[in-house]
Amino acid sequence: MKLLELERLRAGYGPITALFDIDLALEEGETLALIGANGAGKTTLLRAVTGLNRAAAGAIRLQGAPIHGLPVHTIAARGIALVPEGRRLFPSLSVEENLRMGTCGGRRGPWTLERIYSLFPVLRERRTQLANLLSGGQQQMVAVGRALMANPQLLLCDELSLGLAPAVVKDIYRTLAGVATEGVSLVIVEQDVAQAIQASDRYLCMREGRIVLGGTRAEADRAAIARAYFGSAPQ
């Protein structure tokens, strides 16, 4: 059974449609990269899966069960967690308090506070510090850790590399590779095409709210991706 399925999904913002008839399937344990320019619809797709944007048409299924139309907290409790663009930490809370916010859904699993500290040792050292006083890379670690504390089956990551130094980005993606070996499925939204494809089993390129190209990491063709990213996808 597929972990996640989107069938002819349409979604947007009020009267504005941002996604047009999206079909997508994600296997259990798979890492999928969503690439595309700003405004391609990548973040809207993640928001639709989590229930933050209501589906206007089509279906979203998790392990075969429909989840479109369910409240956000119900979808989260079923095993979907989001690392949002810009991290969205609680600035008045400490690192540890931010991490513990991930447990609010009450979902049990292997990801505990101790495991997050093992994954990101620097966070243990700074656990009592206010989150907004951390470096950008450390804040991103908190955002990833908070999402993992929800013990998701599916982790959605939106623009992890935004504003971060290349060395920090490599460390975070190396960590995500380890998370994937634990059986967590990943959808990575990223504008750094090379980084995203290298970190994934498969990629889909979006443009103007539609999927225009897809393939495996081994099949990735830079020229074809550039055409899909900026212009007409190859037939």
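Against which strands and which helix do the buried residues of helix 9 pack? In this predicted model, the buried residues of helix 9 pack against strand 3 (31–35), helix 8 (193–198), strand 9 (202–207) and strand 10 (210–216). Helix 9 itself runs over residues 222–230, and its buried residues are Ala-224, Ile-225, Ala-228 and Tyr-229. Seen down the helix axis, these buried residues fall within an arc of 135°, so they line one face of helix 9. Arg-222 and Phe-230, on the other side of the helix, are exposed. At the start of helix 9, the backbone nitrogen of Ala-223 has a side-chain oxygen of Asp-221 within 3.1 Å.

A search of the whole structure finds 1 aromatic pair. The ring centres of Tyr-229 and Phe-230 are 4.7 Å apart and the ring planes stand at 55°, so the pair is tilted. The angle counts as tilted because stacked planes are under 30 degrees apart and edge-to-face planes over 60.

Two other aromatic rings have an arginine over the face. Arg-115 lies over the face of Trp-111, 4.1 Å from the ring centre. Arg-210 lies over the face of Phe-20, and here the distance to the ring centre is 4.3 Å.

Helix 8, one of the elements that the buried residues of helix 9 pack against, contains Gln-195. With a relative accessibility of 17%, Gln-195 counts as buried. Leaving out residues up to four places away in sequence, Gln-195 touches Val-169, Lys-170 and Tyr-173. Helix 7 covers residues 166–180 and includes Thr-175. Thr-175 also counts as buried, at 15% relative accessibility. Beyond residues up to four places away in sequence, Thr-175 touches Leu-119 and Phe-120. Thr-175 and Glu-159 are separated by 16 residues in sequence, and their C-alpha atoms are 15 Å apart.

Ser-185 is in strand 8, which spans residues 185–189. Is Ser-185 buried or exposed? Its relative accessibility is 1%, so Ser-185 counts as buried. A polar atom of the Ser-185 side chain lies 2.7 Å from the backbone nitrogen of Gly-29. Gly-29 is also one of the residues that Ser-185 touches when those up to four places away in sequence are not counted; the others are Leu-3, Leu-26, Glu-27, Glu-28, Glu-30, Gln-153, Leu-154 and Leu-155.

Leu-3 is also among the contacts of Arg-61, a residue of strand 4 (residues 55–62). Apart from neighbours within four places in sequence, Arg-61 is in contact with Leu-3, Leu-4, Glu-5, Glu-7, Pro-66 and Ile-67. The contact with Glu-7 includes a polar contact between the two side chains, at 2.9 Å. Arg-61 and Lys-2 are 59 residues apart in sequence, yet 8.9 Å apart in space from C-alpha to C-alpha.

The backbone has some points to note. Most residues other than glycine have a negative phi. Asp-21, which is not a glycine, has a positive phi near 50°. Asp-21 lies in strand 2 (residues 16–26) and is partly exposed, with a relative accessible area of 28%. Glu-208 likewise has a positive phi, of about 55°, although it is not a glycine. Glu-208 is placed in the loop between strand 9 and strand 10, and at 58% relative accessibility Glu-208 counts as exposed.

The cysteines remain. How many disulfides does the structure hold? The structure holds 0 disulfides. Cys-157 is in no disulfide, and the nearest cysteine sulfur, in Cys-205, is 19 Å away. Cys-157 is buried, with a relative accessible area of 0%, and Cys-205 is buried with a value of 0%.

Terms used: Residues are numbered from 1 along each chain as its sequence is written. This is a predicted model: local features need pLDDT of at least 70, side-chain atom pairs count only at pLDDT 80 or more; totals for chains, interfaces and linings use all residues. Side-chain values use heavy atoms; hydrogens and water are left out. A disulfide is a pair of cysteine sulfur atoms within 2.5 Å. Buried means under 20% relative accessible area, exposed over 50%, partly exposed in between (1.4 Å probe, protein chains only). Helices (H or I, at least four residues) and strands (E, at least two) are DSSP runs, numbered from the N terminus. A polar contact is a pair of N or O atoms within 3.5 Å; within protein, one must be able to donate a hydrogen and the other to accept it, and residues adjacent in sequence count only if both atoms are side-chain atoms. Contact means heavy atoms within 4.5 Å. The arc is that of the directions from the helix axis to the C-beta atoms. Rings of Phe, Tyr and Trp (its six-membered ring) pair if their centres lie within 6.5 Å; planes under 30 degrees apart count as stacked, over 60 as edge-to-face and the rest as tilted. A charge sits over a ring if NZ of Lys or CZ of Arg is within 6 Å of the ring centre and within 35 degrees of the ring normal.
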